[in-house]
Amino acid sequence: MLSDIRIVLVNTSHSGNIGSAARAMKTMGLSSLYLVDPVSPPDGKSSALAAGAGDVLANATTAKTLEEAVSDCGLVVGTSARSRTLPWPMLTPRECGEKLVVESEKYSVALVFGRENNGLSNEELQQCHFHVCIPANPDYSSLNIAAAVQTLCYEIRVNHLDIEAAKFPPSEEADYPRNEDLERFYTHLEATLKETQFIVANHPGIVMTKLRRLFNRARPEKQELNILRGILSSIDKVTGRDTKLTDDTDKSSTDSSDTVK
């Protein structure tokens, strides 16, 4: 899916930025790089900054114009850091990632980055269906091209992973204990803590209230609760306390050894 999402760099001035952009792409699983009229073609500096993404750099396609680079694309999104005279449909980075991933299933799509000093021209932006702006610090919003590529490629990958996860949901759902099982656990826990004198019977304070809040927040699964009951029972054996607090206490705690396997 990600192979149909191309990153287009327009008229890049510094060859090192091309290599850095290639590296940013590969870390997010993208490999289709298009270079539109680069001031300096990829060179040794590009390769050095590409690090392990030399394959992305080596397979980059060079085009003379943006029109040529995106001619076969069904969706083109241009990056823009400033407002234009003519309002254009805008996307947030998250919306941009989602739209590119979804539409790449039907045809090639492109995400276009402009020049280091002044971005994309109005004519180039008008070749894009949507514009996207990274909401950087308004007091210092200047982003290096590679940093901008990394940010938007990350949004692409997150959406891609969400779609893949939806296709293959977890095979097993967590089995949580019933409320009556939790109450038995709390009764057992309190009795054991009193036996070890962690809780003073005459001055219990709010220890159990805090422990209830802790375990409710953690929401242990059924097997995890059995393990906790088993731990309490092992303490009871050492202290010699009668563990038959309820009819089910011994049963749940003795089953805990099996859940660990």
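These legends describe close-up views of aromatic rings in a predicted model.

**View 1. Phe185 and Tyr186 form a tilted ring pair.** A search of the whole structure finds 2 aromatic pairs. In this one, the ring centres of Phe185 and Tyr186 lie 5.5 Å apart. Their planes meet at 50°. That angle falls between the 30 and 60 degree limits, so the pair counts as tilted. Phe185 is buried, with a relative accessible area of 2%. Tyr186 is buried too, at 3%.

**View 2. Phe185 and Phe215 pair edge-to-face.** The centres of these two rings are 5.1 Å apart. The angle between their planes is 85°. This pair links distant parts of the chain. Phe185 belongs to helix α8, residues 179-195. Phe215 belongs to helix α9, residues 207-218. Phe215 has a relative accessible area of 16%. Buried means under 20%, so Phe215 is buried.

**View 3. Three rings make a cluster.** Ring pairs join Phe185, Tyr186 and Phe215. Phe185 takes part in the tilted pair with Tyr186 and in the edge-to-face pair with Phe215.

**View 4. Arg6 sits over the ring of Tyr34.** The charged end of Arg6 is 4.2 Å from the centre of the Tyr34 ring.

**View 5. Arg219 lies over the face of Tyr176.** Here the distance to the centre of the Tyr176 ring is 3.7 Å.

Key: Residues numbered from 1 in each chain as written. Predicted model: local features only at pLDDT ≥ 70, side-chain atom pairs only at ≥ 80, totals over all residues. Heavy atoms only, no water. Phe/Tyr/Trp six-rings, centres within 6.5 Å; stacked < 30°, edge-to-face > 60°. Buried < 20%, exposed > 50% of the residue type's maximum accessible area, 1.4 Å probe, protein only. Helix = DSSP H or I, 4+ residues; strand = E, 2+ residues; numbered from the N terminus. Lys NZ or Arg CZ within 6 Å of the ring centre and 35° of its normal.
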